[in-house]
Amino acid sequence: MKKLLLLTIFMVSFISSAQVTLTGVVKDSIGSPLEMANILAVNKATKKMSSYGFTDAKGNYKLDLDKNQTFEIKISYIGFKTVDFVVETKSEDIVKNITLKEDNSLDEITIVSKMPVTIKGDTIVYNADSFKNGSERKLEDVLKKLPGVEINDDGQIEVEGKVVEKITVDGKEFFSGDTKLASKNIPSNAVDKIQVLRNFSDVNQLSGVQNNQDRVAINIKLKEGKKNFWFGDVYAGAGFTPSDDLYLFQPKLFYYNPKYTLNVIGDINNLGEAVLNRRDLRGFSGGFRSQSPSNGTNINLASAGIGFLTPNARNANRIETKLTALNFSYSPNKKLDFSGYLIWSSNSNGQRNRNIIDYNDPSIPDDVTDNTTDQTSNSVYLTLKRSIRKI
């Protein structure tokens with residue numbers, strides 16, 4: 001029994017010693033402590049948010065960090081310039097006092113009581129305006145600035161290293177939750193809060209009995225001024241080359257209110273720009289999937305032949321892309337939801353291969369081969385869904 005007690009004490013001591021403490025005081029330029037300043041620590045290697053806190057009435061803060069790691073520390077306070085610094089943890093505790101300077105770049109400072117990041121159970125809530133500087137155009141630009149969030153090379157959203165499976169807007173599915181369409185098309189100025197839902201489950205009733213620790217979803221809360229009327233943007237352009245005329249037309253319009261939503265995304269161009277690539281198109285074709293990817297068997301029945309033509313400016317001399325995407329939801333009452341989407345994609349391209357064989361013997365005529373190929377692909381995806389909620 002005594003040996004067991006000693007072993008338990010040793011294990012507790014070892015676990016507690018695996019972390020070091022970062023402490024300090026946050027003050028303003030005249031030495032007054034700043035209460036409720038936000039302190040955020042992100043592991044630079046894993047991109048995960050490791051610790052978060054705020055200062056007390058005396059400006060003191062404390063973060064517990066893992067040993068032998070490198071962290072980016074971000075300290076922010078309304079009306080003051082944000083301070084960023086890097087901390088490399090060893091085995092000793094670290095003390096770092098910070099002085100914040102007033103942000104004189106603003107003619108007028110409006111004090112807002114919103115915290116940049118709040119954590120409620122398995123949900124992380126980011127106040128989007130706290131991470132904007134006015135240069136952002138789309139949701140993707142805001143997501144890249146959030147601690148612990150990044151966009152990978154495939155355009156997928158990752159939170160703490162986990163790929164986000166679904167995006168909803170005000171709780172409504174956005175094109176079956178497609179993350180790429182949402183991040184590249186929703187205007188940044190319409191976003192109020194970004195809610196990261198960890199341990200996400202497609203079926204709420206099963207969230208407590210399934211292993212969903214690797215599943216992440218995001219819900220976008222729109223600003224009040226972006227509801228009950230249309231918002232979005234429309235891009236149009238034209239030009240010419242010695243051999244052809246160039247054109248581009250991309251409308252992206254959204255309408256949200258508590259009862260129904262409507263999203264319209266269009267694209268017509270001959271510049272070789274595609275809103276959706278081959279992988280994106282296959283992702284809409286559905287299949288059978290377990291409610292939790294860590295349980296059971298997943299079967300993807302997406303057809304590799306659907307949407308097989310994807311514009312590629314490197315190997316085509318003519319590319320024409322057309323896309324129409326419509327997404328809607330309707331809630332006649334609190335128990336019933338109707339939703340669906342329609343995506344039509346048309347890709348047309350032409351390729352020309354010209355081979356010339358020049359013989360050294362003048363008596364042999366040159367061999368010239370000129371082949372032209374035209375291909376067109378049309379794809380249509382239609383999904384309708386009815387959901388019944390228990391109140």
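**Note on strands, sheets and cores**

1. Ile119 stands opposite Ile124 in E10. The strands here are E9 (residues 117-120) and E10 (residues 123-127), which pair in the antiparallel sense over 4 bridges. Strands (E, at least two residues) are DSSP runs, numbered from the N terminus. Two strands pair if DSSP finds at least two bridges between them. E9 and E10 form a hairpin, with 2 residues between them. Gly121 in the turn has a positive phi of about 65°.

2. A word on the source. This is a predicted model, where local features need pLDDT of at least 70 and side-chain atom pairs count only at pLDDT 80 or more, while totals for chains, interfaces and linings use all residues. Residues are numbered from 1 along each chain as its sequence is written, and side-chain values use heavy atoms, with hydrogens and water left out.

3. Next, the core. The largest nonpolar core has 40 residues. Such a core is a set of buried Ala, Val, Leu, Ile, Met, Phe, Trp, Tyr and Cys residues joined through side-chain atoms within 4.5 Å. Buried means under 20% relative accessible area, exposed over 50%, and partly exposed in between (1.4 Å probe, protein chains only). Tyr126, Leu143, Phe174, Ile194, Ile218 and Ile220 touch the most other members. Strand E16 (residues 216-222) gives the largest share of this core, 4 residues. Another core, of 18 residues, lies apart from it, and its members include Ala41, Tyr61, Phe71 and Ile75.

4. Contact means heavy atoms within 4.5 Å.

5. Now a sheet. 4 strands form an open sheet, in the order E3-E2-E5-E6, with antiparallel pairing. Strand E3 (49-54) and strand E6 (83-88) stand at the edges. Each has a single partner strand, so one side of each is left without a neighbour in the sheet. On average, neighbouring strands of this sheet are turned by 20° against each other, direction ignored. Axes are lines fitted to C-alpha atoms, and angles run from 0 to 180 degrees between N-to-C directions. Strand E2 (residues 38-43) pairs with strand E5 (residues 70-76) over 6 bridges. There, Val42 stands opposite Glu72 in E5.

6. Another open sheet holds 6 strands, in the order E17-E18-E19-E20-E21-E22, again antiparallel. Which strands stand at the edges? They are E17 (230-240) and E22 (367-388), each with a single partner strand. Neighbouring strands of this sheet are turned by 5° against each other on average, direction ignored. 10 bridges join strand E19 (residues 260-269) to strand E20 (residues 318-330). Asn263 has Asn327 in E20 as its bridge partner.

7. Gly266 and Ala325 are 59 residues apart in sequence, yet 6.2 Å apart in space, C-alpha to C-alpha. Beyond neighbours within four places in sequence, Gly266 is in contact with Phe249, Gln250, Pro251 and Leu323.

8. Asp370 lies in strand E22. Asp370 is partly exposed, with a relative accessible area of 35%. Beyond neighbours within four places in sequence, its contacts are Arg352, Asn353 and Arg354. A polar contact of 3.4 Å joins the side chains of Asp370 and Arg354. The term covers a pair of N or O atoms within 3.5 Å; within protein, one must be able to donate a hydrogen and the other to accept it, and residues adjacent in sequence count only if both atoms are side-chain atoms.
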